Amino acid sequence: MNSSSVKEDFVLVGFSHQPNLEKILFVVVLVSYLLTLMGNTVIILISSTDSKLRTPMYFFLTHLSLVDICFTTSIVPQLLWNLRGPAKTITALGCAVQLYVSLALGSTECILLAVMAFDRYAAVCKPLHYAAVMNPRLCQALAGVAWLSGVGNALTQSTVTLWLPRCGHQWLHHFFCEVPSMIKLACVDIHANEVQLFIASLVLLLLPLALILMSYGHIVKAIIRIKSVQAWRKALGTCGSHLMVVSLFYGTITAVYIQPNSSYAHTYGKFISLFYTVVTPALNPLIYTLRNKDVKEALGRLFHRARDLGL
């Protein structure tokens with residue numbers, strides 16, 4: 001890594017040109033972060049302790065909740081610090097850690113959402129063979145692939161990005177260290193880096209999204225063939241929550257990573273990033289609990305146990 005990469009701190013410009021907006025964002029981000037921590041922790045707790053939720057769906061949901069907690073924690077504390085006070089800096093080491101961790105977790109979530117779509121496809125389209133198809137060994141392997149893919153992408157993309165010479169450029173027009181904004185600090189031709197970022201985005205964003213759409217295409221066909229209204233509603237209920245999460249996450253992150261140089265990304269990039277890094281992880285637990293009868297019943301059993309224990 002070049003010497004300027006090691007020694008210089010970065011200035012996260014973020015929303016500093018809108019001080020009134022910063023005050024509002026501080027409250028919104030803080031509340032969203034607390035909701036993320038509480039909501040996802042509850043999902044992990046009930047999925048791990050309630051015997052009725054020990055199914056592949058909740059196994060993957062536990063991983064998604066863990067990813068969301070770690071993902072937001074890699075970004076939000078620094079963001080809150082910068083929103084609250086005049087200092088907008090982050091150390092070079094802090095920026096590197098944030099870059100590696102946030103990219104690894106964001107990439108993991110992309111793959112994990114595709115895995116969850118396959119799980120829903122197996123549940124709706126292969127109900128008689130679901131237990132055999134989604135066996136514990138396969139579930140663990142799919143979760144492992146998601147995590148390893150995320151880590152592998154972060155090690156590649158982040159390392160290449162940090163090695164770029166910046167010639168003293170340290171003003172990052174973003175609220176956290178992210179590849180599309182960091183490569184713009186380079187004082188050399190970054191066309192090869194942009195091509196590499198685009199290819200990685202195709203593999204980790206569009207390919208999983210295509211698999212999700214294919215899974216839901218088969219699910220829709222299966223639902224249309226269902227004659228029972230009750231079974232039809234149950235099928236929609238099991239898939240509706242996941243589809244909402246996919247729409248929120250992919251709908252925002254693709255705008256930043258697929259076309260990072262578009263005028264739309266330049267103008268609204270920070271707000272789009274704020275949505276998928278802060279808002280979506282806070283909404284995920286609400287979506288899964290409000291729309292899911294099993295989770296609401298498990299929450300009731302958890303509260304009853306806590307009350308019986310005098311907690």
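A disulfide, defined as a pair of cysteine sulfur atoms within 2.5 Å, joins cysteine 167 to cysteine 187, with an S to S distance of 1.9 Å. The structure is a predicted model, in which local features need pLDDT of at least 70 and side-chain atom pairs count only at pLDDT 80 or more, while totals for chains, interfaces and linings use all residues. Residues are numbered from 1 along each chain as its sequence is written, and side-chain values use heavy atoms, with hydrogens and water left out.

The torsion about the S-S bond of cysteine 167 and cysteine 187 is about 60°, so this disulfide is right-handed. The pair links distant parts of the chain, 20 residues apart: cysteine 167 is in the loop between helix H7 (136-163) and S3, and cysteine 187 is in the loop between H8 and helix H9 (191-225). Helices (H or I, at least four residues) and strands (E, at least two) are DSSP runs numbered from the N terminus. Relative accessible area was computed with a 1.4 Å probe on protein chains only; buried means under 20%, exposed over 50%, and partly exposed in between. Cysteine 167 counts as exposed, at 56% relative accessibility, and cysteine 187 counts as partly exposed, at 31%.

A search of the whole structure finds 2 disulfides. Cysteine 95 and cysteine 177 also form a disulfide, and their sulfur atoms lie 2.0 Å apart. For cysteine 95 and cysteine 177, the S-S torsion is about -125°, so the disulfide is left-handed. Cysteine 95 lies in helix H5 (residues 92-125), whereas cysteine 177 lies in the loop between strand S3 (171-172) and helix H8 (179-182); the pair therefore ties together parts that are 82 residues apart in sequence. Cysteine 95 counts as buried, with 0% relative accessibility, and cysteine 177 is buried at a relative accessible area of 0%.

When bonded cysteines are counted along the chain, the disulfides of the protein follow the pattern 1-3, 2-4. Cysteine 70 is in no disulfide, and the nearest cysteine sulfur, that of cysteine 110, is 16 Å away. Cysteine 70 is partly exposed, with a relative accessible area of 31%. For cysteine 110, the closest cysteine sulfur is in cysteine 70, and the 16 Å between the two sulfurs is too far for a bond. Cysteine 110 is buried, at a relative accessible area of 3%.
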